[in-house]
Amino acid sequence: MRRGGRLSILCRGNKIVIHGGRLSMSFHGDGVGCDCGNHSLSCEILFDDVFCDCEEGYTPRFGKCEECVCGDRSVFCSFKANGEKDCHCVQDYKQAGDDCLECTCEDPLRSCSFDAQNNKVCSCRFGYYEIYGKCYECDCGFNSKGCKIGKDGKKVCDCEEDFTQRLNKCVECDCGNKSKDCHYDEEGDKICLCSRGYGQKNGTCTEICYSDRDCKDGRVCKMAERGDWICDCPTNFTGRQCEKHVLCEKLEPLCSEMGARCLVGDSGAFCRCPFGQTVGLPSGLCEDVCSPDKCLHGTCKPLKLDDVGTTYMCRCDAGYTGKRCEEKIQAGFFTERTAFILLLSSNVGILVLLLGVLYLMCRRRN
(Lines give C-alpha, C1' and ligand atoms only; values in the text may rest on other atoms or scores of the structure.)
Protein backbone atom coordinates (compact mmCIF):
# COMPACT_ATOMS: atom_id res chain seq x y z
CA MET A 1 0.00 0.00 0.00
CA ARG A 2 1.44 3.40 -1.00
CA ARG A 3 0.40 7.10 -0.57
CA GLY A 4 3.19 8.97 -2.28
CA GLY A 5 6.77 9.41 -1.19
CA ARG A 6 9.17 6.58 -0.66
CA LEU A 7 7.81 3.21 0.33
CA SER A 8 9.85 0.94 2.66
CA ILE A 9 9.08 -2.64 3.61
CA LEU A 10 10.82 -4.26 6.61
CA CYS A 11 10.64 -7.90 7.63
CA ARG A 12 10.83 -8.56 11.40
CA GLY A 13 10.42 -12.23 12.14
CA ASN A 14 6.84 -13.16 11.29
CA LYS A 15 5.84 -9.48 10.98
CA ILE A 16 5.94 -7.12 7.99
CA VAL A 17 6.24 -3.37 8.72
CA ILE A 18 5.41 -0.91 5.94
CA HIS A 19 6.49 2.76 6.15
CA GLY A 20 5.54 5.20 3.43
CA GLY A 21 4.74 8.91 3.51
CA ARG A 22 2.01 9.41 6.12
CA LEU A 23 1.15 5.74 6.25
CA SER A 24 2.58 3.20 8.68
CA MET A 25 1.12 -0.27 8.95
CA SER A 26 2.29 -3.49 10.55
CA PHE A 27 1.08 -6.94 9.57
CA HIS A 28 1.68 -10.02 11.72
CA GLY A 29 1.97 -13.49 10.36
CA ASP A 30 -1.55 -14.20 11.56
CA GLY A 31 -2.91 -11.40 9.35
CA VAL A 32 -3.65 -8.85 12.08
CA GLY A 33 -2.90 -5.27 10.99
CA CYS A 34 -1.68 -2.22 12.95
CA ASP A 35 -2.91 1.21 11.83
CA CYS A 36 -2.39 4.40 13.90
CA GLY A 37 -3.98 6.69 11.33
CA ASN A 38 -2.73 9.25 8.80
CA HIS A 39 -0.65 11.21 11.34
CA SER A 40 1.49 8.34 12.61
CA LEU A 41 5.19 7.79 12.01
CA SER A 42 5.14 4.14 13.03
CA CYS A 43 2.85 1.56 14.52
CA GLU A 44 3.80 -1.47 16.59
CA ILE A 45 1.85 -4.29 18.23
CA LEU A 46 3.41 -5.80 21.33
CA PHE A 47 1.54 -8.31 23.46
CA ASP A 48 -1.73 -7.32 21.74
CA ASP A 49 -1.20 -3.62 22.59
CA VAL A 50 -0.88 -0.97 19.88
CA PHE A 51 1.98 1.54 20.19
CA CYS A 52 1.76 4.65 17.99
CA ASP A 53 4.61 7.06 17.22
CA CYS A 54 2.77 10.22 16.16
CA GLU A 55 3.68 13.42 14.33
CA GLU A 56 4.27 16.63 16.28
CA GLY A 57 1.00 18.02 17.63
CA TYR A 58 -0.61 14.56 17.64
CA THR A 59 -0.89 12.05 20.50
CA PRO A 60 -2.13 8.43 20.67
CA ARG A 61 -5.77 8.08 21.69
CA PHE A 62 -7.50 4.70 21.56
CA GLY A 63 -4.95 3.36 19.07
CA LYS A 64 -5.02 6.38 16.70
CA CYS A 65 -2.91 9.54 16.39
CA GLU A 66 -5.20 12.47 17.15
CA GLU A 67 -4.53 16.19 17.41
CA CYS A 68 -3.75 17.33 20.99
CA VAL A 69 -3.35 21.08 21.60
CA CYS A 70 -3.68 22.98 24.90
CA GLY A 71 -2.69 26.48 23.79
CA ASP A 72 0.48 28.53 23.95
CA ARG A 73 0.91 28.10 27.72
CA SER A 74 1.12 24.32 27.67
CA VAL A 75 4.31 22.26 28.09
CA PHE A 76 2.82 19.23 26.37
CA CYS A 77 -0.54 17.58 25.75
CA SER A 78 -1.61 13.97 26.20
CA PHE A 79 -4.74 11.86 26.60
CA LYS A 80 -5.77 9.99 29.73
CA ALA A 81 -6.75 6.32 29.66
CA ASN A 82 -10.43 7.34 29.46
CA GLY A 83 -9.72 9.52 26.40
CA GLU A 84 -9.92 12.90 28.18
CA LYS A 85 -7.35 15.53 27.27
CA ASP A 86 -4.62 16.11 29.87
CA CYS A 87 -2.92 19.52 29.61
CA HIS A 88 0.41 20.12 31.34
CA CYS A 89 0.72 23.89 31.73
CA VAL A 90 3.49 26.31 32.64
CA GLN A 91 3.74 27.86 36.12
CA ASP A 92 0.71 29.89 37.29
CA TYR A 93 -1.45 28.31 34.54
CA LYS A 94 -3.93 25.44 34.94
CA GLN A 95 -6.05 23.40 32.56
CA ALA A 96 -9.50 24.81 31.85
CA GLY A 97 -11.29 22.58 29.39
CA ASP A 98 -8.94 22.19 26.39
CA ASP A 99 -6.75 25.19 27.15
CA CYS A 100 -4.20 26.46 29.72
CA LEU A 101 -5.45 29.62 31.45
CA GLU A 102 -3.88 31.80 34.10
CA CYS A 103 -4.75 30.63 37.61
CA THR A 104 -3.37 32.29 40.78
CA CYS A 105 -4.62 32.90 44.34
CA GLU A 106 -3.73 35.87 46.54
CA ASP A 107 -3.34 33.63 49.62
CA PRO A 108 0.04 31.78 49.40
CA LEU A 109 -1.47 28.94 51.43
CA ARG A 110 -3.96 28.22 48.64
CA SER A 111 -3.55 26.47 45.30
CA CYS A 112 -5.51 27.38 42.17
CA SER A 113 -7.48 25.08 39.84
CA PHE A 114 -10.56 25.09 37.58
CA ASP A 115 -13.72 23.04 38.21
CA ALA A 116 -15.78 21.17 35.62
CA GLN A 117 -17.50 24.44 34.61
CA ASN A 118 -14.10 26.17 34.19
CA ASN A 119 -14.66 28.32 37.29
CA LYS A 120 -11.50 29.22 39.23
CA VAL A 121 -11.26 27.56 42.64
CA CYS A 122 -8.73 28.48 45.34
CA SER A 123 -8.34 25.61 47.81
CA CYS A 124 -5.87 25.07 50.65
CA ARG A 125 -2.58 23.57 49.63
CA PHE A 126 -1.58 20.02 50.56
CA GLY A 127 -0.87 19.86 54.28
CA TYR A 128 -3.44 22.55 55.09
CA TYR A 129 -7.15 22.38 55.95
CA GLU A 130 -9.79 25.07 55.53
CA ILE A 131 -11.79 26.29 58.55
CA TYR A 132 -14.18 29.20 58.18
CA GLY A 133 -12.45 30.42 55.01
CA LYS A 134 -8.90 30.23 56.37
CA CYS A 135 -6.17 27.63 55.76
CA TYR A 136 -4.59 26.00 58.80
CA GLU A 137 -1.66 23.61 58.79
CA CYS A 138 -2.82 20.00 58.98
CA ASP A 139 -0.18 17.31 58.50
CA CYS A 140 -0.33 13.74 59.84
CA GLY A 141 3.03 12.54 58.52
CA PHE A 142 4.20 10.29 55.71
CA ASN A 143 1.85 7.43 56.62
CA SER A 144 -1.38 9.42 56.26
CA LYS A 145 -3.89 9.53 53.44
CA GLY A 146 -5.45 12.78 54.58
CA CYS A 147 -5.87 15.27 57.39
CA LYS A 148 -8.71 17.47 58.61
CA ILE A 149 -9.56 19.51 61.67
CA GLY A 150 -12.76 18.78 63.53
CA LYS A 151 -15.23 21.27 64.94
CA ASP A 152 -13.53 20.97 68.31
CA GLY A 153 -10.26 22.16 66.71
CA LYS A 154 -8.52 18.79 67.08
CA LYS A 155 -6.65 17.14 64.22
CA VAL A 156 -8.23 14.02 62.68
CA CYS A 157 -5.86 11.79 60.68
CA ASP A 158 -6.84 9.35 57.95
CA CYS A 159 -3.98 6.84 58.20
CA GLU A 160 -2.68 4.12 55.91
CA GLU A 161 -3.36 0.43 56.67
CA ASP A 162 -1.57 -0.88 59.82
CA PHE A 163 -1.11 2.74 60.98
CA THR A 164 -3.23 4.75 63.39
CA GLN A 165 -3.27 8.21 64.88
CA ARG A 166 -1.07 8.83 67.91
CA LEU A 167 -1.39 12.41 69.10
CA ASN A 168 -0.99 14.30 65.77
CA LYS A 169 0.81 11.75 63.57
CA CYS A 170 0.07 8.44 61.86
CA VAL A 171 2.30 5.78 63.44
CA GLU A 172 2.51 2.00 63.30
CA CYS A 173 0.30 0.17 65.78
CA ASP A 174 0.83 -3.57 66.28
CA CYS A 175 -0.24 -5.65 69.29
CA GLY A 176 0.76 -9.06 67.87
CA ASN A 177 -1.18 -11.83 66.15
CA LYS A 178 -3.53 -12.29 69.13
CA SER A 179 -4.98 -8.78 68.91
CA LYS A 180 -8.25 -7.67 67.37
CA ASP A 181 -7.50 -3.95 67.32
CA CYS A 182 -4.75 -1.47 68.15
CA HIS A 183 -5.06 2.26 68.78
CA TYR A 184 -3.75 5.05 71.01
CA ASP A 185 -5.63 7.06 73.61
CA GLU A 186 -5.53 10.85 73.94
CA GLU A 187 -2.35 10.66 76.05
CA GLY A 188 -0.59 8.60 73.36
CA ASP A 189 -0.66 5.28 75.27
CA LYS A 190 -1.19 2.13 73.21
CA ILE A 191 -4.47 0.27 73.72
CA CYS A 192 -4.66 -3.39 72.60
CA LEU A 193 -7.96 -5.20 72.16
CA CYS A 194 -6.85 -8.81 72.65
CA SER A 195 -8.47 -12.14 71.86
CA ARG A 196 -10.10 -14.20 74.62
CA GLY A 197 -7.50 -15.60 77.04
CA TYR A 198 -4.96 -12.88 76.26
CA GLY A 199 -4.14 -9.53 77.84
CA GLN A 200 -1.92 -6.55 77.12
CA LYS A 201 1.68 -6.63 78.34
CA ASN A 202 4.28 -4.12 77.11
CA GLY A 203 2.09 -3.26 74.11
CA THR A 204 1.59 -6.89 73.00
CA CYS A 205 -1.26 -9.38 73.53
CA THR A 206 0.11 -12.09 75.87
CA GLU A 207 -1.51 -15.17 77.38
CA ILE A 208 -3.06 -14.47 80.77
CA CYS A 209 -2.39 -16.46 83.98
CA TYR A 210 -4.33 -17.32 87.13
CA SER A 211 -1.56 -18.23 89.58
CA ASP A 212 2.25 -18.55 89.81
CA ARG A 213 1.88 -22.24 88.87
CA ASP A 214 0.90 -21.14 85.33
CA CYS A 215 4.29 -19.44 84.88
CA LYS A 216 7.72 -20.81 83.97
CA ASP A 217 11.36 -19.66 83.98
CA GLY A 218 11.21 -17.90 87.32
CA ARG A 219 8.20 -15.76 86.42
CA VAL A 220 5.28 -14.92 88.67
CA CYS A 221 1.66 -14.10 87.90
CA LYS A 222 1.27 -10.34 88.30
CA MET A 223 -0.98 -7.54 87.12
CA ALA A 224 0.08 -5.85 83.85
CA GLU A 225 -0.45 -2.25 82.69
CA ARG A 226 -4.09 -2.72 81.58
CA GLY A 227 -5.25 -4.72 84.62
CA ASP A 228 -4.71 -8.20 83.09
CA TRP A 229 -2.82 -10.89 85.01
CA ILE A 230 0.27 -11.90 83.00
CA CYS A 231 3.33 -14.10 83.70
CA ASP A 232 6.17 -11.70 84.27
CA CYS A 233 9.52 -11.52 86.03
CA PRO A 234 9.68 -10.41 89.67
CA THR A 235 10.14 -6.72 90.26
CA ASN A 236 13.49 -5.34 88.98
CA PHE A 237 14.33 -8.55 87.04
CA THR A 238 14.22 -9.31 83.34
CA GLY A 239 15.59 -11.81 80.79
CA ARG A 240 14.41 -15.10 79.31
CA GLN A 241 14.69 -16.75 82.73
CA CYS A 242 14.39 -13.55 84.79
CA GLU A 243 18.11 -13.75 85.54
CA LYS A 244 18.98 -10.12 84.79
CA HIS A 245 18.46 -7.23 87.20
CA VAL A 246 17.13 -4.10 85.52
CA LEU A 247 19.88 -2.02 87.13
CA CYS A 248 22.44 -4.16 85.27
CA GLU A 249 20.85 -3.81 81.81
CA LYS A 250 22.99 -0.78 80.88
CA LEU A 251 26.04 -1.73 82.94
CA GLU A 252 26.26 -5.39 81.84
CA PRO A 253 27.87 -4.73 78.41
CA LEU A 254 30.68 -2.73 80.04
CA CYS A 255 31.21 -5.38 82.73
CA SER A 256 31.30 -8.18 80.15
CA GLU A 257 33.84 -6.31 78.05
CA MET A 258 36.18 -6.24 81.06
CA GLY A 259 35.51 -9.87 81.96
CA ALA A 260 33.57 -8.75 85.05
CA ARG A 261 30.08 -9.50 86.35
CA CYS A 262 27.38 -7.00 87.18
CA LEU A 263 26.15 -7.25 90.76
CA VAL A 264 23.54 -5.29 92.68
CA GLY A 265 24.30 -4.07 96.19
CA ASP A 266 22.75 -1.67 98.65
CA SER A 267 24.27 1.30 96.82
CA GLY A 268 23.27 0.16 93.33
CA ALA A 269 24.78 -1.84 90.49
CA PHE A 270 28.55 -2.29 90.06
CA CYS A 271 31.04 -4.45 88.15
CA ARG A 272 32.71 -7.23 90.13
CA CYS A 273 36.16 -7.68 88.65
CA PRO A 274 37.80 -11.13 88.29
CA PHE A 275 40.13 -12.31 91.07
CA GLY A 276 43.38 -10.43 90.90
CA GLN A 277 41.77 -7.25 89.55
CA THR A 278 40.01 -4.26 91.05
CA VAL A 279 38.15 -1.22 89.78
CA GLY A 280 40.68 1.51 89.06
CA LEU A 281 40.19 5.22 89.64
CA PRO A 282 39.35 7.38 87.84
CA SER A 283 38.92 5.07 84.82
CA GLY A 284 36.30 2.87 86.49
CA LEU A 285 37.74 -0.15 84.62
CA CYS A 286 39.07 -3.44 85.96
CA GLU A 287 42.82 -3.18 86.48
CA ASP A 288 45.39 -5.68 87.80
CA VAL A 289 45.91 -5.39 91.55
CA CYS A 290 49.53 -6.43 91.15
CA SER A 291 50.77 -3.69 88.89
CA PRO A 292 54.57 -3.40 88.37
CA ASP A 293 54.86 -0.52 90.83
CA LYS A 294 53.10 -2.27 93.74
CA CYS A 295 56.11 -4.19 95.18
CA LEU A 296 59.38 -2.38 94.57
CA HIS A 297 61.74 -5.19 95.73
CA GLY A 298 59.58 -8.27 95.90
CA THR A 299 56.76 -10.33 94.44
CA CYS A 300 53.09 -9.21 94.48
CA LYS A 301 50.44 -11.74 95.48
CA PRO A 302 46.68 -10.95 95.15
CA LEU A 303 44.51 -11.59 98.22
CA LYS A 304 40.73 -11.81 98.54
CA LEU A 305 39.57 -8.91 100.68
CA ASP A 306 35.83 -9.69 100.90
CA ASP A 307 33.01 -10.97 98.69
CA VAL A 308 33.53 -8.20 96.15
CA GLY A 309 37.04 -6.83 96.73
CA THR A 310 40.67 -7.83 96.09
CA THR A 311 43.85 -6.57 97.74
CA TYR A 312 47.50 -7.61 97.58
CA MET A 313 50.52 -8.61 99.69
CA CYS A 314 54.21 -8.19 98.90
CA ARG A 315 56.72 -10.96 99.47
CA CYS A 316 59.96 -9.03 99.85
CA ASP A 317 63.32 -10.06 98.49
CA ALA A 318 66.13 -10.80 100.97
CA GLY A 319 67.35 -7.62 102.62
CA TYR A 320 64.08 -5.65 102.13
CA THR A 321 60.99 -5.01 104.24
CA GLY A 322 57.92 -2.75 104.33
CA LYS A 323 54.40 -2.99 102.85
CA ARG A 324 55.76 -2.43 99.36
CA CYS A 325 59.27 -3.78 100.08
CA GLU A 326 60.54 -0.27 99.86
CA GLU A 327 62.82 -0.34 102.98
CA LYS A 328 66.32 -1.86 102.88
CA ILE A 329 67.35 -3.73 106.05
CA GLN A 330 70.54 -2.32 107.60
CA ALA A 331 73.46 -4.75 108.23
CA GLY A 332 74.03 -3.62 111.85
CA PHE A 333 70.42 -4.02 112.71
CA PHE A 334 70.49 -7.49 111.24
CA THR A 335 73.53 -8.54 113.42
CA GLU A 336 72.11 -7.23 116.71
CA ARG A 337 68.82 -8.91 116.03
CA THR A 338 70.51 -12.21 115.31
CA ALA A 339 72.59 -11.98 118.51
CA PHE A 340 69.50 -11.29 120.58
CA ILE A 341 67.75 -14.30 119.14
CA LEU A 342 70.76 -16.56 119.85
CA LEU A 343 71.05 -15.31 123.44
CA LEU A 344 67.38 -15.82 124.11
CA SER A 345 67.51 -19.30 122.65
CA SER A 346 70.49 -20.34 124.82
CA ASN A 347 68.82 -19.04 128.00
CA VAL A 348 65.66 -20.96 127.20
CA GLY A 349 67.77 -24.10 126.65
CA ILE A 350 69.57 -23.75 129.98
CA LEU A 351 66.25 -23.25 131.81
CA VAL A 352 64.82 -26.40 130.27
CA LEU A 353 67.94 -28.37 131.28
CA LEU A 354 67.75 -27.20 134.94
CA LEU A 355 64.09 -28.11 135.17
CA GLY A 356 64.94 -31.57 133.88
CA VAL A 357 67.67 -32.07 136.53
CA LEU A 358 65.34 -30.97 139.33
CA TYR A 359 62.71 -33.38 138.13
CA LEU A 360 65.10 -36.35 138.23
CA MET A 361 66.35 -35.44 141.74
CA CYS A 362 62.79 -35.34 143.06
CA ARG A 363 62.03 -38.79 141.71
CA ARG A 364 65.12 -40.38 143.39
CA ARG A 365 64.17 -39.04 146.81
CA ASN A 366 60.70 -40.49 146.53
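## Val-156

Val-156 is found in strand S18, which covers residues 155–159. The model is predicted. With a relative accessible area of 38%, Val-156 is partly exposed, because that class lies between the limits of 20% for buried and 50% for exposed.

Leaving aside neighbours within four places in sequence, Val-156 is in contact with Cys-140, Gly-146, Cys-147, Lys-148, Gly-150 and Gln-165.

## Lys-201

Strand S23, spanning residues 198–201, contains Lys-201. The relative accessibility of Lys-201 is 17%, so this residue counts as buried, the cut-off being under 20%.

The side chain of Lys-201 reaches the backbone oxygen of Cys-231 at a distance of 3.4 Å. Cys-231 is also among the contacts of Lys-201 that remain once neighbours within four places in sequence are left aside; the others are Thr-206, Ala-224, Glu-225, Ile-230 and Asp-232.

## The chain as a whole

The protein chain has two helices and 36 strands; S18 holds Val-156 and S23 holds Lys-201. Of the 366 residues in the chain, 25% are buried, and Lys-201 counts as buried.

Taking contacts in the protein chain between residues at least 6 apart in sequence, 14% join residues at least 24 apart. The accessible surface of the chain comes to about 26300 Å², and carbon and sulfur atoms account for 51% of that area.

Conventions:
Residues numbered from 1 in each chain as written. Predicted model: local features only at pLDDT ≥ 70, side-chain atom pairs only at ≥ 80, totals over all residues. Heavy atoms only, no water. Helix = DSSP H or I, 4+ residues; strand = E, 2+ residues; numbered from the N terminus. Buried < 20%, exposed > 50% of the residue type's maximum accessible area, 1.4 Å probe, protein only. Polar contact = N/O pair within 3.5 Å; in protein donor to acceptor, adjacent residues only side chain to side chain. Contact = heavy atoms within 4.5 Å. Areas by Shrake-Rupley, 256 points an atom, 1.4 Å probe, with all protein chains shown as cover.
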